[in-house]
Structure formats: C-alpha cells, structure tokens
Amino acid sequence: MLFPKDFLWGTAVSAHQTEGNNTNSDWWEWEQSKDYSTGKNKITGKEMKWPVEPSDPACDSYNRYEEDFDLCKKLNNNAVRISIEWARLEPKKGEFSDEAFAHYKKVLESAKARELKTFVTLHHFTNPIWFAKLGGWENSKSSEYFSVYALECVKRLGDLMDVVMTINEPLVLANQAYFKGEWCPAKKNLFLAIKVAINLVKAHRKGFLAIKNLSPKTPVGIVHNYVYYEVKSSKLFFWDAVFAKLLDFINNQILLIAVEKHTDFLGINYYFTGRIKSFKSKNPNDWISDLNWWIYPLGLKELLLRLKKYNFPIYITENGLADENDKHREKFIKEMVKSCEDAINEGVDLRGYFYWSLLDNYEWHHGFWPKFGLVEIDRGNNLQRNPRKSFEYYAQVSKSN
Ligand code: BGC
C-alpha cells in the first residue's frame, strides 16, 4: 500500500473525554448529579441508569497534553485531532476566559512545535452550563450562541488551527441525548431530537459563515457519523434495498445535503455498517469489538465511494474500536487503511485518516471500560500512558505512508 505524498496520519481525542475536571459543562453537572452507590439522582431520587461513572480527572490531558503530543510524535503522525471546550472558553454567556484561551494557545503551539497539523473541533458533545440552562440545543437561539463562540475561537486561535470542525456528530448527539435518553439531558422525545438536530445544523451553517467571513482561507467543515447500509442476501432483497436507501437518506444524505453549501470538506467518523435483512439491521458477529460493534472494513470503502459524488475533500476524522486486549486492533487498522487506499485508487479525494483514539478515555455513558486507545491509561497508577502493541504497528503505517 502506498498513500499520496501529503496524506495525513493522526489520532483523535475530545476535550471532555480526556482533559478531566470539565466542571463548567452540562456533562460534568449530570455526572455529578448521580449517587453511584444507589443509582439514583441525588436531588430528585429518580433512578439514573446512565452514566455508569463520572469522568473525574479523565486522562488529565488538560495538564499532560505535552506528553500526549509526544506520543503522537512517536507514532510518526503528521496531524492530530483534538477539541477545545466551549464550557471553559465561555464560562458565562458572552464572557470569554482569557485564561482558557491562553491555555489552548499553549496546547496548539505545543502540537505545532511537534509538526502536527491541528484539526480542531469546536463542539464535541458537551455544552457550558449556562447554555444548557437556556434550553441547550432546544433553544431557537442556540445556533446564534454557538456562532458567537465559534467566531471568538477563530479570532483568538485561528492562526494555530489548520482545520476547523464546527460540530462533532450532530445526529448522534440528537439521538443519544434527546431520543434514546442515554446522554444528558436524557430526554426521550423524537420531536425534540429532530428539533435539536435542525438547530445543530443551523449552528454549523452560522458558524461556518461567520468563520469564513473573518478568515476565508481557514478550511471549515462538520463531522458526521456515517452509517453504511447494505443488503447482502435477503428473500425480500428488493424491499430491503429500498429500506436501506431510506435509512441512508435519513441518517446520511439529509445532513450532507443540508451542509453541502456550507462546508469545505467532509469529516467522516466510521464505526457502523447496518446489514439489512427483513427490514431490520442484522449484523453478523464474525468480527466484533468489546462493545459488540460489528467490524466491517469493506463498509468504509463503499461509503467513501458513495461520497465521491459530493466532490469534497474527505478526512476520516474517527475510526477505531474498543479492544482492551489489543487482539484485533492491528488487523482492524490494516484492513480499514486498505479500504481507504482502494477508495483513493477509485478516485475518492481522501486526504487523511485519524484513528480513534490516541488514549483510552471516558466513553460517555459507558464510563471508562471500553478501551479505544492505542495507548492504555493505567487508572490505578497515576494515569500512566502505556502504548499497546498496535501502537508500534500504526507508527510503522504512518512512517512508511
Ligand atoms: C464520538 C466519540 C466516541 C466514539 C466511540 C464517536 O461517535 O465522536 O466521542 O468516543 O464515537 O464511541
């Protein structure tokens, strides 16, 4: 395998999942509202299934970012994807924190000093408490609030951000937090979920325009969790194919159409293929991760080919698996990367691949047990970073391009 000369190899993390003590965010407040000995809300006494544990210091990357970027360097990477935290940067509505901006300036400078291209996400699932109190993404003004924040980020940190991603996985956030009720604010209402998804897309578009107005050269895009749907063998092949198309339209195409005129590239997170049989997603279990997610590298190639028609540069902004014992990770990377190469050979403008994740981190409502990291975090030993065997493999991939 050989990739184009300037292909970007990196890893991805997000602020809340790695930094620790994100005390001014809605997620932190939600995690702290649970009494973990009884499983109930401390104030209302209501049963709280999720989260299973709080994020606490997470990986302490807020303080240990240099060590983390050293690991990226050891991986021979030439890019890194991180997120910056709205709850820290705008702790009160309209009041920005000089201290937090100074912190992220140091973080980004430290990535640049290691010759890592910086891919910066402005919103990765968490919100400032003030924003949540105003109704969060249900509020019709939410997109305005976000674009004010996005603009401030580019004003103050723009020259250190090579690529800006406004919002990570708007549909996942709407689904998890407002339909399934597994993430804060833990609501279960389809109409709210749709409203939230619309507001998130609006926020992206407003943010995009605001940033481009100020800094036309900065590449700005959105990150989408693309689910690839396919039908293999089925008695109802025709109808299942129609159903798969419909699911693809709802989960992928609507969002792509909605952002088409407001994006410079597509950021794609690939974790899921849904194999449709008799109007249901019935995935084989021949190869699965610790979270029981089916691993299907060919799906990545197929979805990349489908995206070709949009004519945008594409980055795989996340792709990874929970694999505590590192049994599958090397093969996983090898086959996913092979799919990327095949897609490039068939004319897809794919420019980079970011493995999720550099470190084991706070996997949202599941807590810390799913281990996505190329690097293990020893939670019993001062959060020591221990590279897994697959780390060496990815370092070779990256080095040899
Ligand atoms: C999210 C990450 C998450 C990963 C694994 C992605 O949907 O962006 O925050 O940790 O999936 O579940």
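**Helix packing, surface patch and ligand**

Modeller: In this predicted model, the elements that cover the buried residues of α8 include β5 (117-123), β6 (163-168), α9, β7 (220-230) and α10 (237-259).

Colleague: How many of the 10 residues of helix α8 are buried?

Modeller: Helix α8 spans residues 170-179 and is mostly covered. Its buried residues are Pro 170, Val 172, Leu 173, Ala 174, Gln 176, Ala 177 and Tyr 178, where buried stands for under 20% relative accessible area. The number of buried residues in α8 is therefore seven.

Colleague: Is Ile 198 buried, partly exposed or exposed?

Modeller: Ile 198 lies in helix α9 and is one of the residues that make the nonpolar patch. Exposed would require over 50% relative accessible area and buried under 20%, so Ile 198, with its relative accessibility of 46%, counts as partly exposed.

Colleague: How much of the accessible area of the ligand does the protein cover?

Modeller: Of the 13 residues around the ligand, those that come nearest are Gln 17, His 124, Glu 169, Glu 318 and Glu 363. An N or O atom in the side chain of Glu 169 is 2.5 Å from a ligand oxygen atom, while for the side chain of Glu 318 the corresponding distance is 2.9 Å. Of the 310 Å² of accessible area that the ligand has on its own, the protein covers 94%.

Key
Residues numbered from 1 in each chain as written. Predicted model: local features only at pLDDT ≥ 70, side-chain atom pairs only at ≥ 80, totals over all residues. Heavy atoms only, no water. Patch = residues over 30% accessible without salt bridge, like charges linked within 9 Å, V, L, I, M, F, W, Y side chains within 5 Å. Areas by Shrake-Rupley, 256 points an atom, 1.4 Å probe, with all protein chains shown as cover. Salt bridge = Lys/Arg side-chain N within 4 Å of Asp/Glu carboxyl O. Helix = DSSP H or I, 4+ residues; strand = E, 2+ residues; numbered from the N terminus. Buried < 20%, exposed > 50% of the residue type's maximum accessible area, 1.4 Å probe, protein only. Near = heavy atom within 4 Å. Polar contact = N/O pair within 3.5 Å; in protein donor to acceptor, adjacent residues only side chain to side chain. Contact = heavy atoms within 4.5 Å.
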